[in-house]
Amino acid sequence: MFGKADTSVLMGIDGRKVTVEADFGDGLPTFEMVGFLGSEVKEAKERVRSAIRNSGIYMNPGRLTVNLSPANVRKQGNSFDLAIAIAILVAYGVIPEEKVTDYAFIGELSLNGSVRPIEGTFSHVMTAREEKKKGCIVPLENESEGKIFSDIEIIGVSSLSETMNYLLSPETYISHSPLPIVKEEPILPDFTDVKGQELVKRAAVVSSAGMHGFLMVGPPGSGKTLTAKRIPTILPPLDEKESMECTKIHSVAGILPPGSGLIRIRPFRSPHHTISMNGLVGGGSVPRPGEMSLAHNGVLFLDELPEFSKTTLEVMRQPLEDGKVVISRVQGSYVFPTHVMLVAAMNPCRCGYYPDRSRCRCSEADVKKYLSRISKPLLDRMDITVEVGRVRIEDIESNKPGLSSDEMREMVLKARRIQKERFEGRGIRFNSELSGKMLNEFCSVSPSSRMLLKEAFESLGLSARAHDRILKVARTIADLDESKDIKEKHLAEAISYRALDRKFFGEIYR
Amino acid sequence: MNDKDDAIRDGYLFLSLLTSFSAKKLWDMIHVSENVTAIPTYPMSYFKSRGINFTEIEENQYQSVVSEEKVRFTKEELVRTDTHYICYENPLYPQNLKDDSTPPVGLFYKGSLPDPNKKKVAIVGSRRCSSYGRDIALSFSREFALNGVEVISGMALGIDGYAGEGALIGEKNDFAVLAGGVDRPYPMDNLGLYMELQKKGGILSERPLKHVPYAREFPLRNRIISGIADVLLVVEAAKKSGTQITVEYGIAQNKDIFAIPGRIDDPISEGTNTLIKNGALMATSPEDILERLGILVTEKLRKEEITFQAPGEKTVYKALSAEILSVDELLEKTGLPVSDMLDILLRLEMRGLVSRDGLFGYKKSPRK
């Protein structure tokens, strides 16, 4: 007798349909599982056998073969158990075939027949939707994650028996009241908490508007982390597509909080500088998303930048450039998106307190040596560098309320709208992505501005590498000013932000 | 140069190649010889019989210089690398150097030699200087060079390097003395300066080409820096700093010592402030030194009228001071918006009216 049940496999962050087939017939008692299976999937055999028996079903001895198709796609993970069990039950004639065709089944089985939660429910359910399934049977704990989709029935089960009961007599199924979806808005941090740091706020607005790399240099306690955490609050709200992407990634990583629904706030990830390569970009024998992917559509904050090893920083370069990381394995390639806004922070010198002469004895040469620890290409990406907290907060007695996150976000949105229009159909979204022909097209400068640039390069000792990046930032600043042309003052501000390029630390300049 | 002079020169050159010999020993050898020309022909026993002893290293070097014909080889190399050698007896040898008790027997150089008709200032100071020291070294050095005064330094990091840089503006008024061979720029951080010095002045050394300096040769080099100069200017020095050694040489050579005063709570100025307390001359402007050298400064070179283009520029310039201010402090003081402030600061900086400390600290530049 033959039976089958549908499920899916996670490839990277997306799911792909898998059909479990079971064939039972006469012969010496064997149980074979085939279909390009990973070792953890092969172990399902024991789990499924015990689960079925402990659910009160006697399995007649005979020749049982289970195949997970298609056979050229590698099956990995622990989500197939339930589908395998159902396919076998159909082959045994316990459940009629027609009762299972409308559903997809995902879940791990315990030896006693209970259904255990898995990761990536969101992606599995998405796949079921794509396959036009009426419903998806998922572990109870993962039910709320699946219920983010309102156009497919989600049935949360806690045991194999419960699943069987549902399939045989759906009318008897008592729907568990869904875990309340957290409706209240979480209290988000706001930029009004950052007092007297107008330069940093301005820099945050410019970086966010054009998605430029943003570096803050300052002593401990000067507000670098405080500022970084608030950057997601001035970025535009996630659109539907971005929201789905983030939710998928978090779901696959297993960190989607239960009952939370779609992710609505831009992610903020701050990996420790001892993080491994895999931890940062993703990987492992069964590739899982890394911090860069978890920060996709949000902010990746690298605190203590010089403490990150050069190799770790180097491995980030390509994903930053491409907006995705492709991890190749024998069984195929996985694509994890990594489009992030890069924010970094560091101390100005080894002791951390430059230029406070009461606490720091470092000379400019020491500062330069400390900065040279960061890989040049990465430093290059820091289009905007500012110093933070040079003055003690208490010393600024201004009564002027600083900008709030709402006000700053408005400015960012204004510039984003201009970029959206500009890049319609051109394949990029932000000024920071400009290069080559498009750079020339959108960042042309007037002759007097060209003179300013030339003078700045000569008198300040800027490198040629900085040239294009300055133009891109100037473009964003002009957008914020709602100016079609890049004016001299826009260029001047952009040049000011490339503080690290200057060769004034003991090298020659005129 | 006639044959007789050539022979004298070769004699000194021979001695210059004996790098493991102290200058004193070389002079002892010269004093016991009839003339310098003959020295390369003498065996070591000649000197030993006249009371000069040699270590094994010295003996080995002497033998190898003779047997490997190093004098001839060096002369060929000099031609090939466009480097020159001048011996003690040559009239163009810097006369001031003869103030030292053991002057170099000869000097290798690229570019030019200091002009005997011009006044010279040696500028020395800490390698790890502050932005204050940097600005002073740059602006004083510039002013000296513009007034036809030559600047001598060691091309080291910090004050030396800035002094060398400032003087590039002049006409062959910039010189550096190295501890190793003149074909070995050190430190590499100042490679740009090294290249410029060959055109805008010169690079000198007591040591032959390719010589790698060891620690002891750096203070020895310093005696040449102070020796060539008429006065010595110490810009910034901590209490225990290598600069003190140069000052001691300067005192022994009877040079006037000037020092720039600094903040009393800043250790980077402890050395200079102490020098002033102990009798060094205090300099608070380049004119102090120029006057001492007998150079009249025309009124025109004094305060230049500063013109401002945009109204904001004047406001910002007035808000600046000798103290280092942050952008946020300037915003507080002037009420200008951030984007305007950055624009103005950049322009003032490019005009040389504003100098930076660290990444985003600003102060008024010392007067141009």
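Predicted model: local features only at pLDDT ≥ 70, side-chain atom pairs only at ≥ 80, totals over all residues.

Reader: What does the secondary structure of chain B come to?

Author: Chain B has 15 helices and twelve strands; these are DSSP runs, with helices (H or I) of at least four residues and strands (E) of at least two, numbered from the N terminus. Its C-alpha atoms fill a box of roughly 80 × 40 × 35 Å along the principal axes.

Reader: B:Thr334: buried or exposed?

Author: B:Thr334 counts as buried because its relative accessibility is 17%; buried means under 20% relative accessible area, exposed over 50%, and partly exposed in between, with a 1.4 Å probe and protein chains only. It is found in helix H14 (residues 327-334) of chain B.

Reader: Which residues is B:Thr334 in contact with, leaving aside neighbours within four places in sequence?

Author: They are B:Thr315, B:Val316, B:Ala319 and B:Met341, where contact means heavy atoms within 4.5 Å.

Reader: On to the interface. How many residues of chain B are in contact with chain A?

Author: In chain B, 39 residues are in contact with 45 residues of chain A. The area buried between the two chains is about 3600 Å², and carbon and sulfur atoms give 57% of that; buried area is the accessible area (1.4 Å probe) that two parts lose on being put together, summed over both. On the chain B side, B:Met350, B:Leu359 and B:Phe360 lose the most area to chain A, together 19% of what that side buries.

Reader: And how many salt bridges are there between chain B and chain A?

Author: The count is two, a salt bridge being a side-chain nitrogen of Lys or Arg within 4 Å of a carboxyl oxygen of Asp or Glu. B:Asp340 forms a salt bridge with A:Lys489, with the closest N and O atoms 3.4 Å apart.

Reader: Which residues have the most contacts inside the largest nonpolar core?

Author: A:Leu305 and A:Tyr497 do, in a core of 118 residues; such a core is a set of buried Ala, Val, Leu, Ile, Met, Phe, Trp, Tyr and Cys residues joined through side-chain atoms within 4.5 Å. Apart from it lies another core, of 65 residues, among them B:Ile39 and B:Tyr62.

How values were computed:
Residues numbered from 1 in each chain as written. Chains lettered and ligands numbered in written order. Heavy atoms only, no water.
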